[in-house]
Amino acid sequence: MVQKDPTRPGSGWEEIFQSIGYPVMILSPWHDIMAANQATTALTGISLKDLIGNKCHEIFHKSDHPPHECPVVKLLQSESMETVEMKIEAVGGTFLVKCTPIRDPFGKIEKIIHTAIDITEMKKAEEAVRESEKKYRLLIDNIDEVIFIAQENLIKFSNKRGLELIGYTQEEISTLPYIHIVHPDFRKTVMDQTRKRLNREDIPATSTLKIITKEGEERWVEWTSVLIEWERRPATLNLVKDLTERQKQELKVRHSQKMEAIGTLAGGIAH
């Protein structure tokens, strides 16, 4: 059965073609516009009469040659359907453009169906999310608090301060079991607390423990852990405060006080 040509006036397919809600054109292999639906004329503000016979890149890209990412060019090279995201300068937006070949009875590409779906707002939203994430990452990397996100026994994220504390790179920690940085004396406790936290049991958020850096240095920390969702899966957000220097100072003060007390006692005995 021979199908009716949707480019021919009076075709039974013409009503469907014209009612499609996004721009659809039929092009020749030489980029000539052979047919266009109402959504195309509405988008461009150009009548069907003025579209027909023109090169699509002249109308939509204001250029005398196809753009380098042109899906028509790619289709003619691959001889199969091609889909690209591209800016369309004539309307100032970003579109998901799909080109599908129509073949003659001998298998040669005779026409190309060209559809374009406006994704401008989606791309703007994606860019806004990326900018927001970039700003938050900059903020998180520049605060003094150490931040780890642990999920499925791995450290999924560490801020800059966290990497400085434990001595690993971001690439190294991506495959590092988080328990690896906990001192062996505290590993069982931390694992039990993590299990209970993931089970939403009521346990204290903050504890004091020792961690081990990449170089094997032991450091005392105050570790606060809360349950969150990370990439739509349960995880723990861990805020870590390094207590090592403070403890050293406290030990120095206690030692000084002890020596002072010994000196006072020795002075009393001497008298």
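I shall speak about a sheet, then the nonpolar cores, and finally some salt bridges. Please keep in mind that this is a predicted model.

Let us begin with the sheet. Five strands form an open sheet in the order β7-β6-β10-β9-β8, and their pairing is antiparallel. Strands β7, residues 154–158, and β8, residues 206–212, stand at the edges; each has a single partner strand, so one side of each is left without a neighbour in the sheet. On average, neighbouring strands of this sheet are turned by 40° against each other, direction ignored.

Within the sheet, I would draw your attention to β9, residues 218–230, and β10, residues 233–242. These two strands run antiparallel and are joined by ten bridges. In this pairing, Glu 222 stands opposite Lys 241 of β10. Helix α9, residues 184–198, packs on the sheet and touches β8, β9 and β10. The direction of α9 makes about 135° with that of β8.

Which residues of the largest nonpolar core touch the most other members? They are Phe 148, Ile 166, Ile 181 and Trp 223, in a core of 21 residues. At least two residues of this core come from each of β6, α7, α9, β8 and β9. Taking Ile 181 as an example, and leaving aside its neighbours within four places in sequence, its contacts include Phe 148, Ile 166, Leu 176 and Trp 223. Another core, of 20 residues, lies apart from the largest one; among its members are Ile 59, Val 84, Met 86 and Ile 88.

Finally, the charged side chains. The structure holds 13 salt bridges. In one of them, Glu 85 meets Lys 123 at 2.9 Å, N to O. This pair links distant parts of the chain, with Glu 85 in strand β3 and Lys 123 in helix α6, 38 residues apart. Lys 123 also forms a salt bridge with Glu 126, where the closest N and O atoms are 3.2 Å apart. Because Lys 123 and Glu 126 are three residues apart in helix α6, about one helical turn separates them.

Arg 233 counts as partly exposed, at 31% relative accessibility, whereas Glu 152, at 54%, counts as exposed.

Methods
Residues numbered from 1 in each chain as written. Predicted model: local features only at pLDDT ≥ 70, side-chain atom pairs only at ≥ 80, totals over all residues. Heavy atoms only, no water. Pairing = 2+ DSSP bridges. Helix = DSSP H or I, 4+ residues; strand = E, 2+ residues; numbered from the N terminus. Axes fitted to C-alpha atoms, helices over the stretch in contact; angles between N-to-C directions. Contact = heavy atoms within 4.5 Å. Core = buried A, V, L, I, M, F, W, Y, C linked by side-chain atoms within 4.5 Å. Buried < 20%, exposed > 50% of the residue type's maximum accessible area, 1.4 Å probe, protein only. Salt bridge = Lys/Arg side-chain N within 4 Å of Asp/Glu carboxyl O.
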